[in-house]
Amino acid sequence: MTRASSSSNKLRFSQKEYLTHRKVPLAVMTLAMFMADIIVPVMFISDVNHANIWQNVNKNFSSDNFIWTLVVLFLGIYLGVDSFHYLHVEKQVDFYESQPLTRKQRFFGIVLNSVLAYAALSAIFMLLGILETAGMTGPHLGQIFADAAVYYFLCFGVYLASYALTVLAMTLTGNTFVAILGTAYFMLFELLVRCVAAVYYHSLCTTTVGTNVFKHVFTNPYALVTIGHEHPQPYMFWLNCLLGLAYLALAYWALQKRGSETAGQALSFKWCETVVTVSGVVLGTILAASFGYSMFSKNLPATFALALLAGLVLGAILQVIYRFDAMAWKKRFVCNLLLTAIGLAVFGAMDYASYKHDAYVPDQDKVASMAVFPPARDYWSTYYTDKYMASGKEVSAFQYRSQMKLDPALAYDLGKEGAKKAVKDRGLDSSSEFDMYVIYRLKNGKQIRRYYDISMKAMDKYFQGVSQSAEFRKSYYQLYQDQALLTSKNVIRLSNTNGYSTKSLKSKQLYKEFRTAYKKDLESKWSWLMAKKTEEIGTVTVSVSGTKVGQDYPVYKSYVNTLRVLKKYKLNLPLASGQYRDNLTNDFYIGD
């Protein structure tokens, strides 16, 4: 018999042995899948009053089923712990080391058994669950099968990555509780780092615009497939599989290198203590400082005091865990103090970097154009085509055509005042005056976006000129960028409300007359100083019939041309009382 055939026979034999001795984890996995794939669909079918049975069945077997995805994550952790729990029991290590199977054969045998068990059971129960509901979902069966196939591979990637990471933790440690803590720590590590980034962008920096640090998460198997995605992407499966294989490769290396005598100890390798202590204490100190920064209303001395205490306590707890000795908290005190100081230094650097970020305004001679608008209105948010709502490419093209391109000489001082106030108000819970988005488009093609809280004095001085410019009006009000509406084959609806009642009419001719009249009123009457002091008497909403999104245009008493058109088409309404006029939306109204 050759060495290859001998190894193959041993592997087949070990698979039978593993199945025989792993009845409990296999039973747990079977029960979980039976409940999710068989019982839950039956509940949908039995609900005869439910009009959307097939959508619910499809959701149960698709990436929308976040609960089952989380269960798969925990199944991977549970099977990973069960697979190599023997490494943490001295008698079991001695027993298995005396068997004819090598460490290599046992490792690959156990891993293969765990992966195949999940893959086979998941496929069987998912198929049975879909067939079980086929009578009620017949016309949509193809869609359900397609979504289920995608979800099957998505969950397989989650299972493999979570299982492999747990196996790695089991081989690097000598105690199961410590291994579970290690699995949780490294599974959450990227999310914790991103929490620190979120604190930087959204707490320390006060002028940041649109920075979502959680949009993409890569090393957490569950977050990779659930956070920030409406639809599953192929890379989610492949990345989880690649991470799983990498973890298994490291686990195999650790298994070959670990000593049998490490069973029962906290860690199997001394360098693991260094890695966990350095990363844990430094990151924990930064997180504590971030929490304290918010809790103590940006009081830096109190923040640093809390972070110092948290870093030292965390370091002490780690020493107790490493040595299973409550008195070990005093060990490595100087080292923990140094790591805490490093964490504080990092947070201090973050605070300084955020100050530079808020204070930065590009040199005026480097700015090609600017945009200025309040966050209450995204002036390019609604763009219609004959398909009601435009595609992504059409919206991008529209945004590029209609983007506000103010002369820097007109708007630069407004942005400069916003940056100056942002720096002045750092560390203070100042009351908001008027929020504005400012976009600097540099001559080198880059864009710098800022969110400023600008004083009324600066708005009166610098925004008045901006508001009276043709460039601002033509970019901010979409009736200057409405070619899609004018050429649309769909019905255009105009609705006029006074805050209490509403009148509507579908008419493209009405819209054409409204846009002409409203432009005249805008160009002759509207400005920042007028809008901030004048309460509107109504709001006209323009939309394409069949959509829920509309373009809002405030109407004032002085808009005689607009009011004449509304009266002509019998859309005029009496002035509502003040309590109802509060329901109207005016982006710029401040009051007396």
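Begin by selecting the open sheet of three strands, ordered β1-β2-β3 with antiparallel pairing (two strands pair if DSSP finds at least two bridges between them; strands are DSSP runs of E with at least two residues, and helices runs of H or I with at least four, numbered from the N terminus). The edge strands, each pairing on one side only, are β1 (367-373) and β3 (447-454). Direction ignored, neighbouring strands of this sheet are turned by 20° against each other on average.

The model is predicted: local features need pLDDT of at least 70 and side-chain atom pairs count only at pLDDT 80 or more, while totals for chains, interfaces and linings use all residues. Residues are numbered from 1 along each chain as its sequence is written, and side-chain values use heavy atoms, with hydrogens and water left out.

Next, select strand β2 (residues 434-442), which pairs with β3 in the antiparallel sense over eight bridges. Phe-434 has Ile-454 in β3 as its bridge partner.

Finally, select Lys-532 in helix α21 (residues 528-533). Lys-532 is buried, with a relative accessible area of 11% (buried means under 20%, exposed over 50%, partly exposed in between, with a 1.4 Å probe and protein chains only). Not counting residues up to four places away in sequence, Lys-532 touches Asp-460, Phe-588, Tyr-589, Ile-590 and Gly-591.

Conventions:
Contact = heavy atoms within 4.5 Å. Axes fitted to C-alpha atoms, helices over the stretch in contact; angles between N-to-C directions.
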